[in-house]
Amino acid sequence: MASLSLTCSLPLQPPSSRKLVESTPSHCSCLKPIVVNGDPPTFVSAPGRRIVAVGDLHGDLDKAKCALETAGVLSSDGQGLWIGGETVLVQLGDILDRGEDELAILSLLKSLNIQAKAHGGAVFQVNGNHETMNVEGDFRYVDDGALDECIDFLDYLEECERNWEEAFVSWCAVSGKWKQDRKVPQNYWAPWNLVKRQKGVIARSILMRPGGPLACELARHGVVLKVDDWLFCHGGLLPHHVAYGLEKLNREVSKWMKGPNQADDSPQIPFIATKGYDSIVWNRLFSRDNPELEDYQLEQIESLLEETLQSVGAKAMVVGHTPQRMGVNCKYNCNIWRIDVGMSKGVLDSSPEVLEIRDNKARAIRSTRGWSSEFQVADYT
């Protein structure tokens, strides 16, 4: 593995947690290796890389693939291949709920990350409110098909002799066949529906509860990520989050998801990150437009945004969480980019869009099935 002495100064980060992304590029590159700080990743130095960000996916595998193809990181031949080279991909959470192929999407992103590292790129995820809700055991937005997927995946895990890494990485490639095999005539007894749902809830609880294998997989990701000059989170970051400590927030959420251990019998859910209207995963202050707000109120919001960005040395923030019917857009002098377009069939069923960042300039790329077109929304300089 290539070695690198960190040459840039990243804020709020102790040297002890610096590490290189484990990558063995298959080609000669003039770019410096990606350096990851924090566990889960919190600060990332990715000099010279193209960055693409994808918003909420909500269990819609077809739309997820379309978005990744539009971003230029996933092959369109159905083979699930990374074609993004040294690109850095960031997914902003809410992969879970409202759709039936959640585990398949998580599996695809895991596979793409492994492939990306081999080409000098990387895939990062941040958890959203629907990830934290499911680890809490809040399944109210779970699609019936997603419960079926949990049952199927546990059976597949047994076929893989309980080898989690093997089963999880390969699930996306085989999940379609499992789904097809489980299809039954539509006139089956309603009582069996209830029994099947109960079995699905049990399977999901096994996977998702704190300490469960899927919760531990989600624990690999934080709730906030800074890549070079860009800040990524699901809902929105505020000054008091920064004052609390971004790495501390990520560690506490991760610890809670990993569940009890000998040192701490019952880690508490980090309220500041995951609960309440102003928590990182629930905050809509920067993403929801309210025509009734007065000018002075908008100025206060913009001031909070600027204070947050300055405190972490970021130029702009990218968020999901709130569907934007007008598509990917920016506000407050393009200090905030809102990229949740409600693409899932369980939300708005809109055309996938992604955000591309090159040389600190951002643009939206829109796609629909059968064709794609690009348009520049705004430049950030």
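Contact is taken here to mean heavy atoms within 4.5 Å. On this basis, among contacts in the protein chain of this predicted model between residues at least 6 apart in sequence, 67% join residues at least 24 apart. The protein chain contains 11 helices and 14 strands. Of its 381 residues, 54% are buried. The accessible surface amounts to about 17100 Å², and carbon and sulfur atoms account for 50% of that area.

Two packed helices are described by the angle between their axes and the distance between the axes. Helix α2, spanning residues 102–117, packs against helix α5, spanning residues 164–182, at an angle of about 115°, and the two axes lie 8 Å apart. Angles of 65 to 115 degrees count as roughly perpendicular, and α2 and α5 are therefore assigned to that class. Their crossing is left-handed. On the α2 side, the contact is made by Leu103, Ala104, Leu106, Ser107, Leu108, Lys110, Ser111 and Ile114. Helix α5 contributes Glu165, Phe168, Val169, Ser170, Trp171, Cys172 and Ser175. By residue class, the contact of α2 with α5 comprises nine nonpolar, four polar and two charged residues.

Two further positions illustrate opposite states of accessibility. Val242 is located in helix α8, which covers residues 239–244. Because buried means under 20% relative accessible area, Val242, at 9%, is classed as buried. The C-alpha atom of Val242 is separated by 7.1 Å from that of Ser311, although the two residues are 69 apart along the chain. Gln268, by contrast, occupies the loop between α9 (246–258) and α10 (271–274). With a relative accessibility of 62%, Gln268 counts as exposed. A separation of 8.8 Å was computed between the C-alpha atoms of Gln268 and Val253, which are 15 residues apart along the chain.

Backbone geometry was also examined. Most residues other than glycine have a negative phi, and most peptide bonds are trans. Asp39 and Pro40, however, are joined by a cis peptide bond with an omega of about 5°. Pro40 is placed in the loop between β2 (35–37) and β3 (43–45). A positive phi of about 55° is found at Glu161, which is not a glycine. Glu161 belongs to the loop between α4 (144–159) and α5, and its relative accessibility of 72% classes this residue as exposed. Asp349, likewise not a glycine, has a positive phi of about 55°. This aspartate lies in the loop between β11 (336–338) and β12 (353–358). At 44% relative accessibility, Asp349 counts as partly exposed.

Conventions. Residues numbered from 1 in each chain as written. Predicted model: local features only at pLDDT ≥ 70, side-chain atom pairs only at ≥ 80, totals over all residues. Heavy atoms only, no water. Axes fitted to C-alpha atoms, helices over the stretch in contact; angles between N-to-C directions. Helix = DSSP H or I, 4+ residues; strand = E, 2+ residues; numbered from the N terminus. Parallel < 35°, antiparallel > 145°, perpendicular 65-115°, else oblique. Left-handed = near helix turned anticlockwise from the far one by under 90°. Nonpolar A, V, L, I, M, F, W, Y, C, P; charged D, E, K, R; others polar. Buried < 20%, exposed > 50% of the residue type's maximum accessible area, 1.4 Å probe, protein only. Areas by Shrake-Rupley, 256 points an atom, 1.4 Å probe, with all protein chains shown as cover.
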